[in-house]
Amino acid sequence: MSFPTTPVFLSTTKGWEQARIHPALAWMEKCTIAWDTRENWSTPWSDWVADDYTYIKSNGERFTGGESAWEATKADYSAFKLSYHEPKWVCVAEKADGWEFIGEATLFIDLPKEGDTKKVTDLDGRRWDLGVGSMFRFNIVKDWTAKHDGIKIKSLQMYSDSQPVVAEMLRRGIMKPEDLLR
């Protein structure tokens with residue numbers, strides 16, 4: 001039995017170099033750099049996400065509506081002093097209104113309170129407190145009014161094990177065991 005298929009762009013990559021040959025991923029690299037440097041945290045949310053943007057956390061909690069979902073996304077990352085997303089592979093499917101893709105990245109983070117040693121190194125040789133394997137599912141749409149290359153994020157779903165981050169935050173006294181019960 002045959003069934004309809006959609007061609008996809010599949011890239012196994014170490015960093016952005018191989019991924020950015022796809023236009024949607026070239027845009028995603030710009031967006032990710034702006035996110036990791038916190039540059040886009042001080043610009044209007046509507047510069048990057050659609051009015052109906054949806055953010056789904058790893059625990060399944062869902063936030064919908066441009067500004068409120070954008071603020072929820074920022075709140076999750078605000079626990080980190082710094083972050084850096086290093087792609088490992090991505091699969092992109094083109095849709096009538098944009099692209100949908102899922103990919104794996106290492107999310108490198110530094111916590112706000114210094115620890116004994118930096119435990120992991122990214123491909124550029126920078127040392128980080130933690131490197132967490134994470135998956136991300138994006139739906140990005142073409143929008144001729146969009147400030148950045150005519151593209152905005154419609155939805156983001158994260159898949160990440162928070163246990164290593166929580167354990168290190170407990171070790172460093174950034175959070176207390178009772179914080180886990182809230």
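Analyst: H1 is mostly covered, with 10 of its 14 residues buried. This is a predicted model, by the way. The buried set in H1 is Ala24, Leu25, Trp27, Met28, Glu29, Cys31, Thr32, Ala34, Trp35 and Asp36. As for what sits over them, the cover includes strand E1 (8-12), along with H2, E4, E5, E8 and E9.

Just after H1, Arg38 takes a positive phi of about 70°.

Now for the empty space. Rolling a probe the size of a water molecule over the atoms shows where such space is left. Here the count comes to 1 cavity of 30 Å³ or more, and the volume of the largest cavity is about 350 Å³. Its lining takes in 23 residues, and the closest to the centre are Met28, Thr32, His85, Phe136 and Phe138. Met28 and Thr32 also belong to the buried set of H1.

Which elements give two or more residues to that lining? They are helix H1 (23-36), helix H2 (66-77), strand E4 (82-95), strand E5 (98-110), strand E8 (130-142) and strand E9 (151-160). H1 gives the most, with 5 residues. H2, E4, E5, E8 and E9 turn up again among what covers the buried residues of H1.

By class, the lining of the largest cavity has 18 nonpolar residues, 4 polar and 1 charged.

Definitions and conventions:
Residues are numbered from 1 along each chain as its sequence is written. This is a predicted model: local features need pLDDT of at least 70, side-chain atom pairs count only at pLDDT 80 or more; totals for chains, interfaces and linings use all residues. Side-chain values use heavy atoms; hydrogens and water are left out. On a 1 Å grid over the protein atoms alone, a cavity is a set of points where a 1.4 Å probe fits but cannot get out, and a pocket is an open set with protein on both sides within 12 Å along at least five of seven lines; lining residues have an atom within 4 Å of a point. Grid points are joined across faces, edges and corners, and a volume is the space filled by probe spheres set on the points. Helices (H or I, at least four residues) and strands (E, at least two) are DSSP runs, numbered from the N terminus. Ala, Val, Leu, Ile, Met, Phe, Trp, Tyr, Cys and Pro count as nonpolar, Asp, Glu, Lys and Arg as charged, and the others, Gly among them, as polar. Buried means under 20% relative accessible area, exposed over 50%, partly exposed in between (1.4 Å probe, protein chains only). Contact means heavy atoms within 4.5 Å.
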